[in-house]
Amino acid sequence: ILEWCAWLVNRPALEHSTPNALLLHAAAAARGPLAVVLVGPSGAGKSTLAAALTLSGFDYMGDDGLSFDGALHSNPKPIAVDDKSRHALARLQPENRELVDAHGLVAPQAIGTAVRVDHARNVALVIRPTFRPGAGAELTPLSPADAVELLADESFNFATHAPGALAALASCARQAPAFALE
């Protein structure tokens with residue numbers, strides 16, 4: 001059932017994408033035509049960082065499933081954050097009742113603006129967050145090769161699009177700096 005639910009939530013990203021698009025396990029926020037893409041495994045902090053960027057004035061693009069075909073396409077579904085993340089986000093906007101009182105999913109409109117479904121932005125920055133309770137934050141550059149490997153590993157359909165997908169990811173990695181946030 002869980003796999004079906006994930007498919008149902010991420011289906012808009014695939015329905016509106018080009019046939020050779022990758023579906024990335026990522027979250028993103030944009031400022032104008034440029035996007036920050038947050039890529040990593042479940043629990044890494046992608047959703048929390050995307051919500052924090054949105055609270056800070058970025059436009060929310062999506063969480064969990066984003067289509068990439070050389071540009072990143074939005075899928076602005078509700079944001080899944082746990083209670084600890086919600087508490088941390090509430091410090092950015094203490095008057096926001098959605099963050100203070102609710103549990104579970106956060107409506108994107110409750111914390112800022114969202115990019116409309118399937119609107120594309122160019123990737124300007126790739127971040128691989130790693131959440132460790134109580135740890136400080138350190139930003140470490142990733143090589144373009146490491147960025148390509150990260151994006152490929154966090155793609156739901158890389159194997160079915162491998163040759164073209166590899167070229168698109170390599171182009172992205174040459175243009176957008178990538179960092180590990182630990």
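**Strands, a glutamine and a ring**

Guide: Strands β2 and β3 form a hairpin with two residues between them, and G32 in the turn has a positive phi of about 65°. This is a predicted model, where local features need pLDDT of at least 70, side-chain atom pairs count only at pLDDT 80 or more, and totals for chains, interfaces and linings use all residues. Residues are numbered from 1 along each chain as its sequence is written, and side-chain values use heavy atoms, with hydrogens and water left out.

Visitor: How do you know that β2 and β3 pair?

Guide: Strands (DSSP runs of E, at least two residues) pair if DSSP finds at least two bridges between them. Six bridges join β2 (residues 26-31) to β3 (residues 34-39), and the two run antiparallel.

Visitor: Why is Q93 called buried?

Guide: Buried means under 20% relative accessible area (exposed is over 50%, partly exposed in between; 1.4 Å probe, protein chains only). Q93 has 19%, so it is buried.

Visitor: What makes Q93 and N96 a polar contact?

Guide: A polar contact is a pair of N or O atoms within 3.5 Å; within protein, one must be able to donate a hydrogen and the other to accept it, and residues adjacent in sequence count only if both atoms are side-chain atoms. The side chains of Q93 and N96 are joined at 2.7 Å.

Visitor: Where does R31 lie relative to F58?

Guide: A charge sits over a ring if NZ of Lys or CZ of Arg is within 6 Å of the ring centre and within 35 degrees of the ring normal. R31 lies over the face of F58, at 4.1 Å from the ring centre.

Terms used. Helix = DSSP H or I, 4+ residues; strand = E, 2+ residues; numbered from the N terminus.
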